[in-house]
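Hi everyone, thanks for coming. I'd like to walk you through one structure today, so please have the picture open as we go.

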Amino acid sequence: MAAGSSSMRILIKGGRVVNDDVTQEADVYIENGLIQQVGRDLMIPGGAKVIDASGKLVIPGGIDSSVHLQQTFMNANTQDDFYTGTKAALLGGSTMVIAHVLPERGASLLEEFEKIRAHADAEACCDYALHVGVTWWGPKVRREMQVLVGEKGVNSFQMFMAYKDVLMLKDSELYQAMHSCKDIGAVARVHAENGELVHEGTKEALDLGISGPEGMEISRPEELEAEATHRAITIANRAHCPVYLVNVSSVSAADVIAAARMQDKVVHAETTLAHSALSGMHYYHQDWAHAAAHVIAPPLRLDPNTPDCLMGLLGNDIINVVASDHRAFNTKQKAMGKEDFTKIPHGAAGVEDRMSVIWERGVVAGKMDENRFVAVTSSNAAKIYNLYPRKGRIVPGADADVVVWDPDASRKILSSSQAQGGDFNLYEGQRCHGVPLVTISRGRLVCENGVFTCAQGSGRFYPMRSFPDFLYKKMVQREKVPLSVYVYISFTVS
């Protein structure tokens with residue numbers, strides 16, 4: 001049978017199956033795109049392709065919950081479309097991506113969604129879903145959010161407290177958008193930075209003659225992220241809406257999230273691969289192109305301890321998910337901001353390296369165990385976006401998104417050999433333990449020992465259901481409790 005056939009029978013023998021809560025010695029049998037059996041001494045029909053996983057781990061395919069593909073941002077087109085982006089994801093061990101639809105102010109959310117879907121359906125190699133950005137507010141946006149959730153398989157909306165006059169919502173608009181998310185059972189994703197003060201800080205930096213990439217960090221200090229994080233949580237609490245903070249880049253913001261959890265607020269958080277692995281000292285590199293390649297938002301933080309702290313918070317469930325936030329640009333595109341850091345497109349590649357870098361910086365460094373690795377790279381995203389246990393778990397009946405992972409093998413990251421777009425890699429020359437030997441996407445053997453065998457357009461759009469229990473179960477229960485009782489309990493706890 002062809003390697004890309006969805007009816008392929010596969011038996012993975014001799015490995016250790018790792019889920020987010022347990023590791024067990026077991027074989028895995030796959031047929032018709034699903035995991036059919038997990039256990040020892042399985043009785044299976046003949047004709048199956050046998051993969052020897054002795055001494056290896058068998059893990060759920062990664063779910064990269066934030067990628068930017070086929071997108072125009074800050075006057076630059078991303079270097080990856082849905083083919084090259086999902087190919088890179090599969091080669092790196094991720095079997096599903098959730099990409100962004102970012103309509104311009106005043107534009108139809110529905111029309112932009114349909115346009116991106118058409119591109120993705122023709123190009124994607126693996127399962128994908130879409131976040132839709134709420135980049136402006138009005139009755140039309142509210143109606144289209146309802147249609148997207150009710151009819152189009154969308155269950156998450158991204159809102160911005162930064163990017164003034166481009167993407168940013170005012171507090172009142174954010175409140176209304178969160179109210180709508182609560183009513184339709186969607187995930188309210190929030191990029192939290194104080195956009196007004198970022199705007200002022202940017203003008204001040206330019207007035208002082210600061211025009212290089214270091215201006216990114218100088219104009220967007222972490223206190224602006226911490227303040228906006230607190231404000232986002234407060235607004236969500238008033239709207240009775242769970243909130244999901246994205247691109248968490250600082251210990252200050254994470255402290256706000258932890259404190260809110262202690263106060264029994266429904267808050268979850270996602271950091272990025274770059275923020276949990278790199279420091280902002282790169283902005284002061286003598287090579288301008290090197291410094292500019294690291295320009296992302298929020299910026300990398302100067303404190304060299306921040307990446308280790310964020311990795312530790314991933315390991316301890318203060319931060320729930322690590323995404324690549326993949327948005328690849330090349331050196332020429334970054335050079336649009338050679339004389340003015342505000343014109344450097346924000347973004348960096350990472351969809352191909354996310355799993356290996358997190359294994360090296362998280363598991364090998366002792367910040368998390370193999371089960372927590374599965375949680376932050378796959379299972380938690382599946383739970384948050386209502387995909388679990390069809391995604392993010394190796395169990396009979398789940399989609400056969402499976403990776404044979406060699407924890408002892410290592411690979412050297414080189415931009416010259418990467419499948420993802422761009423001519424620079426933030427992790428250039430680093431050697432990472434943890435290598436995906438085999439990637440199986442919905443029962444199709446798509447990567448084996450670095451060889452890619454998946455056809456363009458063979459992926460599918462994966463509709464996501466509303467009201468994920470992981471976010472909304474507590475909210476539903478809370479509404480059953482008399483207000484006076486809940487207020488008393490909250491007061492005594494805090």
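With 494 residues, a compact globule would have a radius of gyration near 23 Å, and this chain has 22 Å, which agrees. That radius is taken over C-alpha atoms, and the globule rule is 2.2 Å times the number of residues to the power 0.38. Along the principal axes, the C-alpha atoms fill a box of roughly 70 × 60 × 45 Å.

A word on where this comes from: it is a predicted model, where local features need pLDDT of at least 70, side-chain atom pairs count only at pLDDT 80 or more, and totals for chains, interfaces and linings use all residues. Residues are numbered from 1 along each chain as its sequence is written, and side-chain values use heavy atoms, with hydrogens and water left out.

How much of the chain is buried? Of the 494 residues, 60% count as buried. Buried means under 20% relative accessible area, exposed means over 50%, and partly exposed is in between, with a 1.4 Å probe and protein chains only. The chain exposes about 18,600 Å², and carbon and sulfur atoms supply 51% of that; the areas come from the Shrake-Rupley method with a 1.4 Å probe, and for residues only the protein chains shown count as cover.

Now the contacts, meaning heavy atoms within 4.5 Å. Among contacts between residues at least 6 apart in sequence, 77% join residues at least 24 apart.

The chain has 15 helices and 21 strands. These are DSSP runs numbered from the N terminus: helices are H or I with at least four residues, strands are E with at least two. Two strands pair if DSSP finds at least two bridges between them.

Seven strands form it, in the order β3-β2-β7-β18-β19-β20-β21, with mixed pairing. Its edge strands, β3 (23–25) and β21 (451–452), each pair on one side only. Inside it, β19 (residues 431–441) and β20 (residues 444–448) pair in the antiparallel sense over four bridges, and T439 stands opposite C447 in β20. Helix α12 (residues 354–364) packs on this sheet, touching β7 (57–60), β18 (402–412) and β19, and its direction makes about 130° with that of β19. For that angle, axes are lines fitted to C-alpha atoms, for helices over the stretch in contact, and angles run from 0 to 180 degrees between N-to-C directions.

Elsewhere, look at β1 (residues 10–13). Four bridges join β1 to β6 (residues 49–52), running parallel, with L11 opposite V50. β1 also pairs with β4 (residues 27–31), antiparallel over three bridges, where V28 is the partner of I12.

Why is strand β8 (residues 62–67) described as largely enclosed? Because six of its six residues are buried. Four bridges join β8 to β11 (residues 94–101) in parallel, and D64 has V97 as its bridge partner.

Finally, two threonines. T377 lies in helix α13 (residues 370–384) and is buried, with a relative accessible area of 1%. Leaving aside neighbours within four places in sequence, T377 is in contact with G62, I63, V322, R354, M355 and I358. T202, in helix α5 (residues 195–207), also counts as buried, at 15% relative accessibility. Not counting residues up to four places away in sequence, T202 touches S219, F341 and T342.
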